[in-house]
Amino acid sequence: MKTQVIVLNGGSSSGKSGIVRCLQAVLPEPWLAFGVDTFVDALPAAMRASDAGIEFGPDGEVVLGPEFRALEGAWIAGLAAMAGAGARIIVDEVFLSGAESQRRWQEALGELPVLWVGVRCDGAIAADREVARGDRVVGMAASQADAVHRGMVYDVEVDTGHAESMACARAIAARVKP
C-alpha cells in the first residue's frame, strides 16, 4: 500500500517545518502540508491564552484545555478525512502527550498507510534556534526536545542537529511507499 500520510513529530524548533518544505520538493507527487502551528494560529485569539484553550507558560510549558482538545480532535479527523479521500498529507506535529498523542492520530487515521517520523534535535541546538527565531516562548524547545518522543514508535528517525533539512527529507522520502 502506498503511503498516504507522513506524520513528523518533534519538539519546537527541531526543524520539522524545514523538512516538510523539502519533502514537498523531493516527493514526486503533490503532498499537502499541515502543521500544529497552523491549527493554533486558526484558533480565536481568546483561546490562545485561556485555560480552556492553550496557554504558554513563562518557562516554555504548554497547557492544553478541554476546548483545545475538542477542536484538535475535529482537526485531526478532518485531516484523516482528507487523506481518506485521496489527498497525500504531511503532518508537522508536537506530541506533547507522547504516545497518547500518537494513539489519537492512529485512531483517526485508522487503516490509512502512515509513515511515522521522529524528528530529533539536541535540546541545546533547538534552544539556540528558538532564540534566533524570536517567535517562541523561550524554554519550549528545551523542554520538548526529549519529552515528545517518550513512548513513541517510529518508522524512521532523523536528527536535524547532525543533518540538514534536505538530507533528512531524502532519508524520509526513501521510506515512502509510492
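Q: Which residues are buried in helix α4?
A: This is a predicted model. In α4, residues 99-109, the buried ones are S101, Q102, W105 and L109. Buried means under 20% relative accessible area.

Q: Why are the buried residues of α4 said to line one face of the helix?
A: Look down the axis of α4. The buried residues fall within an arc of 100 degrees, so they line one face. An α-helix has 3.6 residues a turn, so residues three or four places apart point the same way.

Q: What do the buried residues of α4 pack against?
A: They pack against two kinds of element. The strands are β1 (5-9), β5 (89-93) and β6 (114-120), and the helix is α3 (66-84). Contact here means heavy atoms within 4.5 Å.

Q: What comes just after α4?
A: G110 does, with a positive phi of about 55 degrees.

Q: Which residues of helix α7 are buried, and what covers them?
A: In α7, residues 165-173, they are C168, A169 and I172. Seen down the axis of α7, these buried residues fall within an arc of 100 degrees, so they line one face of the helix. Their cover includes β1, α1, β6 and β7.

Q: Why does S13 count as buried?
A: Set the value against the cut-off. Buried means under 20% relative accessible area. S13 has 5% relative accessibility, so S13 counts as buried. S13 sits in the loop between β1 and α1 (16-26). S13 also has a positive phi of about 65 degrees, although S13 is not a glycine.

Q: How do you know whether E130 is buried or exposed?
A: Use the cut-off again. The relative accessibility of E130 is 2%, and buried means under 20%, so E130 is buried. E130 belongs to helix α5 (residues 123-133).

Q: What separates E130 and S13 in sequence, and what in space?
A: Along the sequence they are 117 residues apart. From C-alpha to C-alpha they are 5.7 Å apart in space. E130 is also in contact with S13. Other contacts of E130, leaving aside neighbours within four places in sequence, include R136, V137 and M140.

Q: Why is D155 called partly exposed?
A: Partly exposed covers values between the 20% limit for buried and the 50% limit for exposed. D155 has a relative accessible area of 32%, so D155 is partly exposed. D155 is found in the loop between α6 (140-144) and β7 (156-159). Not counting residues up to four places away in sequence, D155 touches V114, L115, W116 and R175.

Q: How many helices and strands does the protein have?
A: The protein has 7 helices and 7 strands. Their order is β-α-β-α-β-β-α-β-α-β-α-α-β-α.

Q: What makes the protein as compact as a globular protein of that length?
A: Compare two values. The radius of gyration is 16 Å, and the globule rule gives 16 Å for 178 residues, so the protein is as compact as a globular protein of that length. Buried residues make up 44% of the 178 residues.

Note on methods:
Residues are numbered from 1 along each chain as its sequence is written. This is a predicted model: local features need pLDDT of at least 70, side-chain atom pairs count only at pLDDT 80 or more; totals for chains, interfaces and linings use all residues. Side-chain values use heavy atoms; hydrogens and water are left out. Helices (H or I, at least four residues) and strands (E, at least two) are DSSP runs, numbered from the N terminus. The radius of gyration is taken over C-alpha atoms; the globule rule is 2.2 Å times the number of residues to the power 0.38. Buried means under 20% relative accessible area, exposed over 50%, partly exposed in between (1.4 Å probe, protein chains only). The arc is that of the directions from the helix axis to the C-beta atoms.
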